[in-house]
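Good morning, and thank you for making time for this item.

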Amino acid sequence: MTVDSSAARKPRRSAARKAGTTGTTRTASTAAQQSTDPELVQLLTPEGKRVKFAKNAQNAKNAKSAEFAGYVADITSEELRGLYRDMVLTRRFDAEATALQRQGELGLWASLLGQEAAQIGSGRATRPADYVFPTYREHGVAWCRGVDPTNLLGMFRGVNNGGWDPNSNNFHLYTIVIGSQTLHATGYAMGVAKDGADSAVIAYFGDGASSQGDVAESFTFAAVYNAPVVFFCQNNQWAISEPTEKQTRVPLYQRAQGYGFPGIRVDGNDVLACLAVTRWALERARNGEGPTLVEAYTYRMGAHTTSDDPTRYRHDDERAAWEAKDPILRLRRYLEASNHADEGFFTELDAESEALGKRVREVVRAMPDPDTFAIFENVYADGHALVDEERAQFAAYQASFADSEGV
């Protein structure tokens, strides 16, 4: 017996449609919870204004002596422009990949639209020696780690099983199984601690994955063994068609308290805050202070993947509200208002963005088809009669297409 999710059948109704105002329906317990939520760690407002983060008692308890604003106070104009460039090019690559899937060049694509600040901010906080364990949506983090974006597309085109050497950039292959990479990251971090290495590990996952048992087990082992790992949860509000309030009774970052390590909620659309908080958490891990849970509160502006239709479970007014908090737009406003970038910079970046899109299209379409019989190799060390039979059947099946083309 299966239970049909009402969220999958119809969009979540907004309070505006009930009371003539704008807003989103929440349960009573969720509304009460949100009213007492501590303020997000935010250093750049949606209007593009720099602010200092004032730690209240709850934040001070969670973050201990972290001085988030202290780090970004020293950020240079060049670094600010670099963060903006990263986000723009990552979004351009993502848009091109989505278009390629719609054109039949990719089998599937998971867009990061709206999550650029969370990924670029946290990705730029890592050091080369740190190790990253992504899900299947961390295209911005891959960019920060130096992975060629075209290498991300081979798996989605079906021509390889990953496309890059994880040890070349300390960036693990994409993980499709939801939540399992947190266990891999925790185990790796435990090994790092035993080796005495001066490095940290960061594991990415979404709000939906936080409901998986693998994540809970990872928290347990990381806490008990004081593993140098940062759990970076991108809470984009929707686990496919399920809203976050249907998965948890408390804000996700507060789950860390039950395991005995800090949890922090950061504005996931604020690249400066994501950079500062993640850098602090990683440094904490390197210093032997154990794991940290960072909840980047953001929004998935597109579909879960290209096979998903978000109009079936959410309304346009919800997306519109989050578009006003666009991570790229807010940093551009700040760059312009503070004279950190001129029009020439934006013009050159537009040209670079178009060149990237063109290169991605050309590389994807030129990817060679894989050996269709490779699937039968290395199944058994010494071969197997059943595999030989299946190989012959597949060869006959393939040949039937050649026969039909000659008719």
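Predicted model: local features only at pLDDT ≥ 70, side-chain atom pairs only at ≥ 80, totals over all residues.

Residues are numbered from 1 along each chain as its sequence is written, and side-chain values use heavy atoms, with hydrogens and water left out. Helices (H or I, at least four residues) and strands (E, at least two) are DSSP runs, numbered from the N terminus.

Let me start with the sheet. Five strands form an open sheet in the order E1-E2-E3-E7-E6, and the pairing is parallel; two strands pair if DSSP finds at least two bridges between them. Which strands stand at the edges? They are E1 (131–133) and E6 (263–267), each with a single partner strand, so one side of each has no neighbour in the sheet. From one strand to the next, the twist averages 20°. Angles here run from 0 to 180 degrees between N-to-C directions, and axes are lines fitted to C-alpha atoms, for helices over the stretch in contact.

Strand E7 (residues 292–297) is joined to E6 by five bridges and to E3 by six. Within E7, Val294 is the bridge partner of Ile264 and also of Phe232. Six of the six residues of E7 are buried, so the strand is largely enclosed by the rest of the structure; buried means under 20% relative accessible area, exposed over 50%, and partly exposed in between, with a 1.4 Å probe and protein chains only. In a regular strand the side chains alternate between the two faces of the sheet. Accordingly, look at E7: Thr292, Val294 and Ala296 point one way, while Leu293, Glu295 and Tyr297 point the other way. Helix H12 (residues 213–224) lies across E2 (201–206), E3 (229–235) and E7, and runs at about 150° to E3.

I turn now to helix H6 (residues 77–102). Its axis and that of H14 (residues 271–286) come within 11 Å and cross at roughly 105°. That makes the two helices roughly perpendicular, a term for angles of 65 to 115 degrees; under 35 counts as roughly parallel, over 145 as roughly antiparallel, and the rest as oblique. Leu80, Leu83 and Met87 of H6 meet Val271, Leu272 and Leu275 of H14, where contact means heavy atoms within 4.5 Å. By class, this contact has six nonpolar, no polar and no charged residues. Ala, Val, Leu, Ile, Met, Phe, Trp, Tyr, Cys and Pro count as nonpolar, Asp, Glu, Lys and Arg as charged, and the others, Gly among them, as polar.

H6 also packs against H16 (residues 327–337), at about 150° and with the axes 10 Å apart. These two helices are therefore roughly antiparallel. Among the residues in this contact are Arg81, Tyr84 and Arg91 of H6 and Ile328, Arg332 and Tyr334 of H16. The contact of H6 with H16 divides into 10 nonpolar, no polar and three charged residues.

Two further points remain. Helix H7 (residues 116–123) is mostly covered, with eight of its eight residues buried, including Glu116 and Gln119. The C-alpha atoms of Gly196 and Arg286 are separated by 9.7 Å, although the two residues are 90 apart along the chain.
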